Each structure stands twice: as C-alpha cells, then as structure tokens.
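Subject: Structure handover

Dear colleague,

Here is the structure for your files. My notes on it follow below.

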Amino acid sequence: MKDFFKSLLAVVIGNFLTLVVVCVAFFLFFAAFLVSVSVFFDSGRTSVMARQKAFLVLDLNMTISDTPEQTHAFRKLISNSGSHIGLWDLTSALNTAAKDNQVGGIFITGNLESENYGSGFAALSEVRRALLDFKKTNKPIIAYLDSPTLKNYYLASVANEVLIHPHAELAVHGLASNNFYLGNALKKHGIGVQTTKVGEYKAAVEIFTSDKMSDADRGQRQAFLNNVWGDITAAITTSRNLPAGTFAALANEHGLMDAELAKKLKLVDKIAYRDEVIEFMKKTGTFDPENNSFAQINIRDYARANLPKGSHGNPVIAIVYAEGEIVDGPADAMETLGVVNGDALSAQLRELRNNGNVAAVVLRVNSPGGSAFASEVIQREVRLFARSGRPLVVSMGSLAASGGYWISTYADKIFAEKNTLTGSIGVFGLMFNIEEIARNIGISFDSVKTSRFADIMTLTRPKSPEELALLQGITDKIYTLFIEKVAEGRKLERAQVEKIAKGRIWSGGDAVGVGLVDAEGGLRDAVNHAIVLAAKGKDRKQFVVRQYPEQQTVLEALSATLHQSERKPPIGSVLAPIPSASGRSVASKIVHHFDNLLRHLEKTHDRNGVYARLPWWEME
C-alpha cells in the first residue's frame with residue numbers, strides 16, 4: 001500500500017510538472033507571437049518605402065474610427081473585430097503622401113465597414129478633404145468599385161478616374177433613418193414601462209412606449225437627413241463635374257444603377273474586371289516585377305511608418321477621444337468598444353491637466369450621450385482644464401449629441417462638420433417593471449420597508465404617482481442644469497437656449513447658425529486652432545500632436561489587461577466590437593439591430609436613472 005501511494009504521488013507530481021511546462025511553453029509561444037505582432041505594428045519607414053513611385057492603396061475594407069488603430073489592436077486578437085484606422089492617422093498619412101516624392105498616386109478600392117460609431121459621414125468628409133488636397137499636387141487618384149455603397153462612392157468620386165466592375169450595382173439611393181418600436185410587444189408580454197422626460201423632441205423613450213415615430217421626431221429626423229443629403233450630393237456633383245442638382249435627381253430616379261447606366265450617366269469613367277484594372281494600374285504607376293502588379297503601399301502600413309516618435313520635450317497638443325456611449329461606473333479594460341467611461345475619461349483629462357508639458361487639449365467627441373451623471377463627471381474635468389489657463393477645443397465627429405454636447409459646452413471653441421448630428425439638449429428617465437409578466441406565470445412579490453420611497457427603484461411593480469412625481473422632479477432639475485450649463489458655456493441667453501433645446505437634434509451646419517457650434521471644420525481644423533491659441537504669437541512649429549491614451553504595443557495592452565485588478569490606468573475611451581450589418585444576410589441584420597438594442601440597454605446604468613442621450617438612431 002505504501003508503494004502504491006508513492007507511485008500515485010509520483011504520477012500526480014509528474015502530471016502537475018508536465019502541465020506547468022506545457023503552460024509555460026504556451027505562454028512563451030503566445031508572448032513571442034505578440035512580440036511579432038507588436039513589431040509589425042511598429043514597423044519602420046524603411047521597409048514600407050522600399051519601392052519608388054508606389055501608389056498608396058486606400059483599401060476601404062476597414063472602419064475609419066476616431067480612435068487610433070492601436071486602441072483596437074489587442075481586442076482584435078481576442079475578438080472578431082474588423083480592421084480599423086484612426087481618422088487623425090489616416091489624414092496625416094494622406095497629407096504626408098502629398099509631399100512624398102516616393103508616392104506616385106492613390107488607388108481607392110474596397111468597401112467601408114462601420115463598426116460602432118466609425119465611418120460616419122463627418123469622418124468621411126475630413127478624409128475626402130484630405131484626398132482633394134492630395135489631388136491638388138497633380139498626382140493621380142484612381143478608384144475601383146466592385147460593390148459600391150453611397151459612403152464608398154462619396155470618397156471615390158474625388159478620383160481622377162472611377163472604374164467599376166461590369167456586374168456591380170452602384171447603390172446611391174439616398175439616406176434613410178429607420179427605427180423599430182417595442183411598445184406593443186412589451187405591453188403584450190406584460191413588461192411595464194414608465195418614463196420621465198423633458199423636451200418635446202426627446203424621442204429616446206418612444207421605442208419602448210410607442211408603435212411609431214412621433215411627429216416631432218419625424219420632423220427633426222427628416223430635416224437632418226435633408227441637410228446631410230444636400231451636402232453629399234453637392235460634393236459629388238462638383239467632383240464629377242455634373243450640372244447642379246443632377247446627382248440628387250439621378251439618385252431619386254434610379255437608386256440602384258448597373259455599370260452601364262452609371263457610365264452613361266457619367267458617374268463612373270470605365271468598366272473593367274479586376275485583372276483589367278491591375279493591367280491599367282501597371283501602366284499608370286510603376287511596374288512591380290516581383291509581384292507582377294503595380295508598385296503599391298497599403299495606407300495602414302504607411303500610416304504606421306509615419307507615426308511620430310516621442311515629443312522630445314516640445315509642448316504637446318493632446319487629442320483625447322470620447323467615442324461611444326457615455327457610461328457611469330468604474331472603468332473596465334475589457335469593456336466593449338463603443339463606450340466612453342466617465343471615470344476613465346475624466347482621469348485622463350486630469351492627468352493631462354497635471355502635465356505641465358501639455359499646452360492644449362483637443363477633445364474629439366463622437367458620442368450619442370448616455371449617463372447624465374457620467375457626462376457631468378467628464379464635464380467637470382473639462383472645466384478644470386480650461387481654468388488652468390490652457391486652451392481646450394472640441395472637435396465633433398459624426399455624433400456629438402445630448403451627453404456628447406454636455407461634455408463639449410465649456411470648450412474655448414467648438415468645431416463640427418456640416419453633417420455632424422449634435423444638440424439633443426434634453427433628458428429622460430426610463431423605468432421597467434415585471435409585475436404583470438410575473439403574475440402571468442404565477443409569481444408574486446411582497447415586501448416590507450422603513451419609509452415610503454425605500455423601494456422606489458424596484459422592478460416588481462409600477463411606480464406610484466408620488467414616486468413618478470419625485471423622479472420627474474429629478475429629470476426636470478437635470479434638464480434645468482443642462483440649460484444653465486449651455487447658456488454659461490456658450491455665452492447665450494437662457495431664453496435662447498430654451499428655444500433651441502427641447503431635445504431637438506441639429507446638423508452641424510445649422511448648429512453654427514443657432515450658436516451651439518462656433519465653426520464648421522474637422523479634427524485637423526480643431527488641432528490647428530488649438531495650436532494658434534497655445535502659441536500666443538510664438539513659433540507654432542514647436543508643438544507636437546499626441547493622441548491619448550498613448551498608443552501601446554500589443555504586449556503593453558496585454559500587460560495592462562492582466563494587471564487591471566492591481567491598477568486602473570486612465571483610459572479616455574474604452575472600446576470592443578459590435579459587428580457591422582453591412583454585407584450580411586437579412587437574418588444577420590435583424591440580429592445586429594437587436595444586438596445593438598441589448599448593448600444599449602446594458603449601458604443604461606446611470607446611478608440616478610437619468611440619461612442625456614440621443615434617440616435611438618441608425619442611418620442607412
């Protein structure tokens with residue numbers, strides 16, 4: 001028996017040691033893999049620029065996000081997140097390429113993805129301007145379309161020549177804002193919904209209480225779409241040298257156009273298969289005999305190779321990102337993409353305020369809002385930075401509404417694109433109860449309490465009239481505070497703010513007219529303005545631009561995740577993937593819509609139950 005236990009112990013210890021060795025070996029292999037990925041992400045300019053007069057390939061099979069690519073790098077390894085490139089990195093690469101003698105032109109191909117809040121028309125407007133600036137150098141831009149959507153064509157229309165696949169359909173049928181309503185479904189299944197809100201246009205609660213759009217929401221959506229559509233059609237009309245109003249009329253008449261019709265209507269220049277396009281590009285650019293193609297550099301490789309290295313003691317213009325829904329509570333390094341954590345972003349701003357080398361901050365806001373409390377936490381740090389005597393400029397992306405506007409209002413200057421969706425100055429409360437659905441399956445509830453409002457937040461019954469009045473009072477108070485902050489921050493009369501608030505959305509162009517935005521422009525305009533304010537007449541070339549949180553290698557991101565329980569580094573915008581509905585089956589698109597709804601509901605955890613958020617919004 002003694003020998004048996006000795007043998008058993010030896011086997012157990014041997015198996016344990018084997019397991020340890022295997023785990024260590026796996027970890028070393030994984031670490032080596034991550035190092036190789038990190039080296040790839042940090043590749044130098046020499047390897048990328050080996051070929052002379054190469055075409056810069058703008059492959060649109062990715063999401064153009066506000067946040068830099070490396071923000072998404074680690075999560076891409078452990079999820080199905082698609083490719084990303086940051087807006088600042090992309091436009092910087094295009095600007096560099098315009099002056100780079102080794103870049104002979106740009107080749108545009110692929111189909112844009114739109115994960116989370118990326119690839120919106122505001123971001124695309126800035127990319128389009130960078131392409132137009134590149135075109136002024138007389139270097140050619142060639143575009144090839146094989147499954148063109150409106151967003152793809154919006155960029156491709158800049159090109160000197162637009163080629164299309166013989167069997168492609170040009171989908172330029174306009175814009176639509178579709179919504180779904182759960183009011184009848186929730187009522188049918190016994191889920192009670194009660195709301196508080198201020199603002200006739202604050203339609204975020206309608207999807208839970210109604211079966212259709214209210215007249216106020218329909219009107220504001222239509223006005224916004226008309227503004228965006230007008231801007232898009234005017235840009236395309238100019239680039240394609242069409243008579244005024246032609247593109248809008250063609251889109252309304254045809255919607256989907258085959259290749260022959262698109263060429264006949266002068267929306268494209270040539271029809272070609274991919275192999276014919278490659279032959280065309282060999283003659284247009286420099287032949288690459290090694291790959292039997294044209295010499296080329298991928299835009300993401302080129303952008304990585306041209307990332308600035310260190311500030312070298314120069315004063316810094318810090319770009320901080322607020323991209324996604326604003327949420328309350330502690331930051332989680334593995335939280336989903338599309339989230340702005342109030343604690344994390346405020347900590348990032350505080351860190352920059354305490355850094356004497358930071359000369360100015362540009363806050364890039366691409367958010368529909370969210371938690372009112374978290375918005376106030378962020379806004380407090382915005383005001384404290386402004387009080388430090390250094391400039392804080394806001395650049396609005398495709399969305400900067402409700403809570404997104406709340407955190408912007410005290411900026412020294414606010415820039416927005418014409419097609420930015422902003423405003424939505426209003427608040428609401430949303431309360432569910434399961435009393436009826438529980439009763440239908442034989443479940444009942446009972447309770448005792450020490451005071452009449454002790455169980456005011458329970459899900460087991462509807463709110464009483466007294467409780468609803470109390471919650472409406474909180475909503476009214478926060479709305480009044482919102483109005484006062486906008487009036488103070490924007491230096492407007494309170495009566496004027498009350499007139500343009502009410503939860504109403506505005507396009508960036510219209511927002512300039514009503515005083516909510518100072519000037520039309522993109523992220524680069526905001527950065528240039530911040531430099532002017534920070535320079536105070538001194539040499540502007542001394543400033544360097546840095547993006548925060550600072551970009552990490554994959555190993556650094558992994559280390560931060562593994563040690564997040566020990567330390568919580570300030571992360572301005574904590575981001576993870578929501579699959580794109582584009583290019584999917586009908587069933588996948590339906591799942592995508594409901595997945596987005598569930599993710600939205602997961603983020604409704606404001607400590608006071610009050611939200612400053614845009615109405616549910618998807619634009620096609």
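Helices (H or I, at least four residues) and strands (E, at least two) are taken as DSSP runs and numbered from the N terminus. The model is predicted, so local features need pLDDT of at least 70 and side-chain atom pairs count only at pLDDT 80 or more, while totals for chains, interfaces and linings use all residues. Residues are numbered from 1 along each chain as its sequence is written, and side-chain values use heavy atoms, with hydrogens and water left out.

Backbone points

Asn241 lies in the loop between α9 (215–239) and α10. Its phi is positive, about 55°, although Asn241 is not a glycine. For burial I use relative accessible area with a 1.4 Å probe and protein chains only: buried is under 20%, exposed over 50%, partly exposed in between. Asn241 is exposed, at 70%.

Lys502 also has a positive phi, near 60°, in a residue other than glycine. Lys502 is in the loop between α19 (494–500) and β23 (505–507) and is partly exposed, with a relative accessible area of 31%.

Tyr548 and Pro549 are joined by a cis peptide bond, with omega about 0°. Pro549 sits in the loop between β25 (544–548) and α22 (554–562).

Helix α5

Helix α5 covers residues 121–135, 15 residues in total. The expected span of a helix is 1.5 Å times one less than its number of residues. Eleven of its 15 residues are buried, so α5 is largely enclosed by the rest of the structure. Among the buried ones are Phe121, Leu124, Glu126, Arg128 and Phe134.

Arg128 also takes part in a contact with a ring: its charged end sits over the ring of Tyr154, 5.0 Å from the centre. The criterion is NZ of Lys or CZ of Arg within 6 Å of the ring centre and within 35 degrees of the ring normal. The charged end of Arg504 sits over the ring of Tyr201, 5.7 Å from its centre.

Aromatic pairs

Rings of Phe, Tyr and Trp (its six-membered ring) pair if their centres lie within 6.5 Å; planes under 30 degrees apart count as stacked, over 60 as edge-to-face and the rest as tilted. The whole structure holds seven such pairs. Tyr153 and Phe247 are stacked, 6.1 Å centre to centre with 20° between the planes. Tyr153 is in helix α6 (residues 150–156) and Phe247 in helix α10 (residues 246–254), so this pair ties together parts 94 residues apart in sequence. Tyr153 is buried, with a relative accessible area of 0%, and Phe247 is buried with 0%.

The ring centres of Trp406 and Phe482 are 4.6 Å apart and the planes are at 40°, so the pair is tilted. Trp406 belongs to helix α16 (residues 403–406) and Phe482 to helix α18 (residues 465–490); the pair links distant parts of the chain, 76 residues apart. Both Trp406 and Phe482 are buried.

Ring pairs also link Phe55, Phe107 and Phe294 into a cluster.

Regards
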